[in-house]
Amino acid sequence: MIGNESIDLSLKNIWRSWNGFRKGKKGTIELHEFQYYLEKNLYTLFQDLNFGNYRHGIYRKFIVCDNKRREISVASIRDRVVHRLVYDYLEKIYDKTFIYDAWSCRKGKGLLGAIERTSCFLKRYGTHTHTHTHTHTHTAPSHFPCIWKCDVKKFFDSVDQEILLKILSLRIKDNTTLNLLKEIIHSFTTVLEKNIGMPIGNLTSQIFANIYLNELDRFIKHKLKSKAYLRYGDDFIIIEKDMAKLKFSRIKTIDVLNKQLKLVVNPNSDKIVKPAHCLKFLGVRFWSSGRNLKERSLKRATERLNYGNISSYSGLIKKHCNKRHQKYFNWMVCEKIFTE
């Protein structure tokens, strides 16, 4: 699908985007103020978008620390309504172009699905069957295939905005839409006077990330012909039964990241491991025979627990933790319910 049609900037669609943004949001002072003059605010936004007067506002920034220190940039409510508008437009065009095994920020996908898929790959490709001169076969643990696990170093801080816009222009031909995308993309930078970076916190950054890394996904699947490749965010794995092919795929993948996308792999996570030695990926420890949740991931789940994510985290704990950890988590849920 090519985006020849302009993004729908009608008042009706702006209202729809407002409702999509508003769903599930907590009542903040900023939100109450925007809602107090809601019709006026949305109509002004409608006029600015349609007459080419829309300009993205500044970001409110704060730091969060879980397993790493991150700077979160939050746009104004007016801008986040526009982000929803753009996200819905891009999703219809691009989601069908993404490979099956891109698991982050997509409907019907997500972290649990990525974990299940990784287990499936390990069961399918994590053992190697040898046929001897005898009629029987057996699995030889010493001949396990290998996994390349990697992620991109400071991905959101490193995205080249001009490359992103070039990728977008291959499918989107409408100038009004391209100008709006450019306004959002250029509203943020991590390098002074350079068009580099995307804000962690923007809804649009989620789909921009998938669009940007779709170039990598398609190269690995269609050029390198990797059957067992999975990406979640900027974390990814490739599993091969042939070590020589895996090393070749690693070299070619890094080359595409460096030259085509101007990205660098994280040297701390650039590792080739055997399933028998445990794959640590997506907060889970994987073996060919099973998996369990890392202690740090369990701690993070309990710290972040709230009414909105209880069901998601409960599913994660139930599938990946022993009875003792499940009991501890259930007590944490009860404490959260009765103390809030």
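Leaving aside its neighbours within four places in sequence, His56 is in contact (heavy atoms within 4.5 Å) with Ala75, Asp79, His83, Glu183, Ile184 and Ser187. This is a predicted model, in which local features need pLDDT of at least 70 and side-chain atom pairs count only at pLDDT 80 or more, while totals for chains, interfaces and linings use all residues. Residues are numbered from 1 along each chain as its sequence is written, and side-chain values use heavy atoms, with hydrogens and water left out.

**Overview**

- The chain holds 13 helices and 11 strands. Both are DSSP runs numbered from the N terminus: helices are H or I with at least four residues, strands are E with at least two.
- Of its 340 residues, 45% count as buried. Buried means under 20% relative accessible area, exposed over 50%, and partly exposed in between, with a 1.4 Å probe and protein chains only.
- Take the contacts between residues at least 6 apart in sequence: 68% of them join residues at least 24 apart.

**Confidence**

- The average pLDDT, the predictor's confidence in each residue from 0 to 100, is 87 for the chain. A score of at least 70 is reached by 79% of the residues.
- Residues 130-143 have a pLDDT below 50. Beyond near neighbours in sequence, this stretch has 15 contacts in the model.

**Two buried sites**

- His56 sits in the loop between α3 (38-50) and β1 (60-65). His56 counts as buried because its relative accessibility is 12%.
- The side chains of His56 and His83 make a polar contact at 2.9 Å. Such a contact is a pair of N or O atoms within 3.5 Å; within protein, one must be able to donate a hydrogen and the other to accept it, and residues adjacent in sequence count only if both atoms are side-chain atoms.
- Ser17 belongs to helix α1 (residues 11-22). Its relative accessibility is 2%, so Ser17 counts as buried.
- Ser17 touches Val81, Arg84 and Leu85, not counting residues up to four places away in sequence. Ser17 and Arg84 are 67 residues apart along the chain, yet their C-alpha atoms are separated by 5.6 Å.

**Nonpolar cores**

- The largest nonpolar core has 63 residues, and Leu90, Leu168 and Phe208 have the most contacts inside it. A nonpolar core is a set of buried Ala, Val, Leu, Ile, Met, Phe, Trp, Tyr and Cys residues joined through side-chain atoms within 4.5 Å.
- Helix α4 (residues 77-94) gives the most to this core, 10 residues.
- Apart from this core lies another, of 19 residues, among them Ala114, Leu230, Leu279 and Phe281.
- Beyond its neighbours within four places in sequence, Leu90 contacts Asp95, Leu168, Ile172, Leu181, Ile207, Phe208 and Ile211.

**Helix α7 and its surroundings**

- In α7 (residues 161-169), the buried residues are Gln161, Ile163, Leu164, Leu165, Ile167 and Leu168. Their cover includes α4, α8 (175-185) and α9 (203-223).
- At the start of α7, a side-chain oxygen of Asp160 comes within 3.0 Å of the backbone nitrogen of Glu162.
- α7 and α9 pack at about 85 degrees, with axes 10 Å apart. That angle makes α7 roughly perpendicular to α9. The label covers 65 to 115 degrees; under 35 counts as roughly parallel, over 145 as roughly antiparallel, and the rest as oblique.
- Axes are lines fitted to C-alpha atoms, for helices over the stretch in contact, and angles run from 0 to 180 degrees between N-to-C directions.
- Ile163, Leu164, Ile167 and Leu168 of α7 meet Phe208, Ile211, Tyr212 and Glu215 of α9.
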